[in-house]
Amino acid sequence: WVPLDITISHARHATEYVQSGQNPVVTECLGSRWEMPREQMWFWQVKRNEHIASKNLHGFYQEMCLDGDSLVATDSGIIPIRNVVPGQVTEGGLVTRSVHNGNKPIVEITTYAGRKLRCTKDHRICTAGGIWEEAQNLLNVPIQLSAPRSGREHNPELARLLGYVMGDGCYSRGSLRISCDIKDTEVHRDVEYLLDRFYAKPLCITRGGMKEFQANNIQKEGWLRKLGILQPRTQGPGRSSKFKRHVCVPDLIWKGDTETRGSFLSSLFECDGHSAKRYAQTSLSAKDPNFLRGIQLLLLSFGLNSRISSDPKEVYRLTLNGKASDLFHHRIGFVSNRKRTSGKRTSGGHVGRPLSKNNFTDTVVSIVPCGNADVYDLTVRTAHSFGANGILVHNCADDKEAFQSSNISIFEAEVID
């Protein structure tokens, strides 16, 4: 019998672990010169091959998995877990293994704040008390959130333009238009400057209480499509334009560093956000809840917890209350003086009832089966955990870790005094 390279590697790892004294009890029991016996290497390899052949990994691998669309923050940006590769770094540490675990039944978890996560029912999630619990057991349980790390892309001015376009922009046949409140002269200057720099010199049209900046450049349509902010338009009578604005979080922002993401959020909230005058609350409205969940995840990277709710008119609202609203003005802020100053009274000089806390927790309010999906998982070297859609989840074990925790042994059980 000739052991495979992976078996030899496993035996070497186990031998080094015992001889190093990292676990004094194991070293004391087995001896500082212990080496993995050849028969144990054989047993490990045979059992591993059996599990791989049967595709039944219970007991050998942990089957905890996440839907492939689950968003994970890496040094390359916030990306679907299906695209994460070994060598990238999450907020929990270095990714050493990325695995596609096939097509499996999954459940969808929904939280009080509007977050959603799809995973196998046995995937372990960290509770607010620091306990790792299977997803199926989390109904009405507070869970821990995870702040996404920043990416590497640095282009805050383009990010700011994209925020204006996502908020109050419109596109048709090469014409990019952005509307602004007539009172905000600093916003007018900023929009005019950004359109001139990145697209074309704009014309300014005043309509009622709004100013509209219009820039025409059909040659830039391909560039806008590459940025991901255009989508095909449904063709019909009287519609000659092939593309329209696609409201989304652009790829540049997912990959952006802290300044780039902050610039995008600042101009987006300037367009569609609201800062309450009589109490500490900042909000953002949109028709697409998935878009707001993306914004919610970006806000979490600034340490800001928010909640998404809806009204009977099917308009969704993301809300930052109390301390989170206060921190928004400090860490991100609006573009216009009008909106910036409307929130300053909460900063340091707040009076009245204490501001509601900006806790990094949420509560699971529903767990429902949602069919089968291709599922994935990661092994993270340091923390053995990472954030998925802003929720702190446990990683999967690699070959060595899974076998060590599988309770499979060649030895007869015996009592050691």
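Predicted model: local features only at pLDDT ≥ 70, side-chain atom pairs only at ≥ 80, totals over all residues.
Analyst: Residues are numbered from 1 along each chain as its sequence is written, and side-chain values use heavy atoms, with hydrogens and water left out.

User: Why is Cys370 called partly exposed?

Analyst: Buried means under 20% relative accessible area, exposed over 50%, and partly exposed in between (1.4 Å probe, protein chains only). Cys370 has 22%, so it is partly exposed. Cys170, at 33%, therefore counts as partly exposed too.

User: What makes both faces of strand β22 covered?

Analyst: Ile391 and Val393 are buried on one side, and Leu392 and His394 are buried on the other. Strands (E, at least two residues) and helices (H or I, at least four) are DSSP runs, numbered from the N terminus; β22 covers residues 391–394.

User: How do you know that β21 and β22 pair?

Analyst: Pairing asks for at least two DSSP bridges between two strands. β21 (residues 385–388) and β22 have 4, in the antiparallel sense, with Ser385 standing opposite His394. The two strands form a hairpin with 2 residues between them, and Asn389 in the turn has a positive phi of about 55 degrees.

User: Why are β10 and β12 called edge strands of their sheet?

Analyst: The sheet is open, with 4 strands in the order β10-β11-β13-β12 and antiparallel pairing. β10 (169–172) and β12 (203–207) each have a single partner strand, so one side of each has no neighbour in the sheet. On average, neighbouring strands are turned by 25 degrees against each other, direction ignored. Inside the sheet, β11 (residues 175–181) and β13 (residues 210–216) share 7 bridges, and Arg177 has Gln214 as its bridge partner.

User: What makes helix α4 a helix that packs on the sheet?

Analyst: Helix α4 (residues 156–168) touches β10 and β11, where contact means heavy atoms within 4.5 Å. Its direction makes about 80 degrees with that of β11; axes are lines fitted to C-alpha atoms (for helices over the stretch in contact), with angles from 0 to 180 degrees between N-to-C directions. Helix α5 (residues 185–198) lies across β11 and β13, at about 165 degrees to β11.

User: What makes a space a cavity, and how many cavities of 30 Å³ or more are there?

Analyst: On a 1 Å grid over the protein atoms alone, a cavity is a set of points where a 1.4 Å probe fits but cannot get out; lining residues have an atom within 4 Å of a point. The search finds 2 cavities of 30 Å³ or more.

Definitions and conventions
1 Å grid on protein atoms, 1.4 Å probe; cavity = no way out; pocket = protein on both sides within 12 Å on 5 of 7 lines; lining within 4 Å. Points joined across faces, edges and corners; volume = space filled by probe spheres on them.
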